[in-house]
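Here is a short briefing to read alongside the sequence and the 3D view.

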Amino acid sequence: MRCASTRKESRMRTRFTTEFGIKHPVVCGGMTAVGKAELISAVANAGALGFLTALTQPTPEALSREIARTRDLTDQPFGVNLTILPTVNPVPYDEYRDAIIAGGVKIVETAGANPEPHLPTFKANGVKVIHKAVAVRHALKAQRLGVDAISIDGFECAGHPGDDDIPGLVLINAAARQVGIPLIASGGFADGAGLVAALALGADAINMGTRFVATAEAPVHDNVKRQIVANDERSTQIIFREFRNTARVAKNAVSQQIAAIGSRPGSTFDDVAHLASGERGRREVLGNGDIDGGLWWAGQAQGLIDDIPTCGELVARIVADAEELIGHRLAGLLR
């Protein structure tokens, strides 16, 4: 049954909310094995923008079904993430792209490799494209290619933060000075104070991943959610840097073992492949709840998370806290 939005009216208006037709300047970006209908529909019903993860679905046909399933659960806008990466087995990216368009989705988040080959088809079908970047130079290139918005990832983020190691406090500000299209700040966001900070730095919205994993609707084992609450800002591990594929994941027995192996002279990815298997992490951690059973993604925002609300409760709280900060605490500093 399709659920209507329960979102509360917000007084905040940004380029993002205006140009993308989203009530609140809050985004749940694509997350492998997590960006599924039950979470993304809940994010949409809360008045934020969520992204199904295309490659979580094994085939383009399965993605079409997931889009339809999401539409059954919400009457609000949502998007699809299409991450383009080199793989051992070729991925039919064109077919996934076509499934997105056929499903009537009007917002896409691209990540990984250059989205240029897909932009003409998306544009011709009225699809807005948000591209994820980890450096100002990458953001400016994507802007020149014609994307509609940039999501800029600070070093605090889960996933692949790049190799420049620039935290959000500097990176968001630096990007806002040069990027002329809506800018979404990613990495380290979990509350209303973070939203206000991002807006002050020049962003038009925040993107949260780890925070949305610790919600009632996230399709992961409760052990994962509880571990995020128990963890602090030090509970992440940088891995794969020696393989030129830097990643930030949750600190556990497996990620620490991978880091130790990677630090040995002459090590290769083959030495850790059995530990780094995405299928292993999805099955043992996200599915079975074995926190040390494989790799799982989490950012430094863990240190700001202390409960497991519904998406509706979370977004409403973030927006209310941000409005309170802007309208009262910060305004009160001016005498």
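A disulfide here is a pair of cysteine sulfur atoms within 2.5 Å, and a search of the whole structure finds zero of them. Please keep in mind that this is a predicted model, in which local features need pLDDT of at least 70, side-chain atom pairs count only at pLDDT 80 or more, and totals for chains, interfaces and linings use all residues. Residues are numbered from 1 along each chain as its sequence is written, and side-chain values use heavy atoms, with hydrogens and water left out.

**Cysteines**

- Cys28 is in no disulfide, and its nearest cysteine sulfur, that of Cys311, is 7.1 Å away.

**Nonpolar cores**

- A nonpolar core is a set of buried Ala, Val, Leu, Ile, Met, Phe, Trp, Tyr and Cys residues joined through side-chain atoms within 4.5 Å.
- The largest such core has 77 residues, and those with the most contacts inside it are Leu39, Ile150, Ile152, Phe212 and Val224.
- Helix 14 (residues 311-329) gives the largest share of this core, seven residues; helices (H or I, at least four residues) and strands (E, at least two) are DSSP runs, numbered from the N terminus.
- Leaving out residues up to four places away in sequence, Ile150 touches Ile130, His131, Ala133, Ala139, Ala142, Gln143, Val179, Ile181, Pro182, Leu183 and Ile184, where contact means heavy atoms within 4.5 Å.

**Surface patch**

- Ile166, Leu169 and Val170 form a nonpolar patch on the surface, with about 280 Å² of accessible area together.
- Patches are made of residues with over 30% relative accessible area and no salt bridge, with like charges joined within 9 Å and nonpolar side chains (Val, Leu, Ile, Met, Phe, Trp, Tyr) within 5 Å.
- Accessible areas come from the Shrake-Rupley method with a 1.4 Å probe, and for residues only the protein chains shown count as cover.
- Val170 lies in helix 7 (residues 168-178) and is partly exposed, with a relative accessible area of 49%.

**Salt bridges**

- The whole structure holds 17 salt bridges, each a side-chain nitrogen of Lys or Arg within 4 Å of a carboxyl oxygen of Asp or Glu.
- Asp98 and Arg97 meet through their side chains (3.3 Å, N to O); Asp98 is partly exposed at 38% relative accessible area, whereas Arg97 is buried at 9%.
- Arg211 and Asp307 form another salt bridge (3.1 Å, N to O).
- That pair links distant parts of the chain, 96 residues apart: Arg211 is in helix 9 (residues 210-213), and Asp307 is in the loop between helix 13 (278-287) and helix 14.
- Arg211 is buried at 1% relative accessible area, while Asp307 counts as partly exposed at 23%.
- Asp222 pairs with Lys225, their closest N and O atoms being 4.0 Å apart.
- These two residues are three apart in helix 10 (residues 222-230), so about one helical turn separates Asp222 and Lys225.
- Asp222 is partly exposed at 43% relative accessible area, and Lys225 counts as buried at 3%.
- Salt bridges that share partners join Glu279, Arg282, Arg283 and Glu284 into one network.

Key:
Buried means under 20% relative accessible area, exposed over 50%, partly exposed in between (1.4 Å probe, protein chains only).
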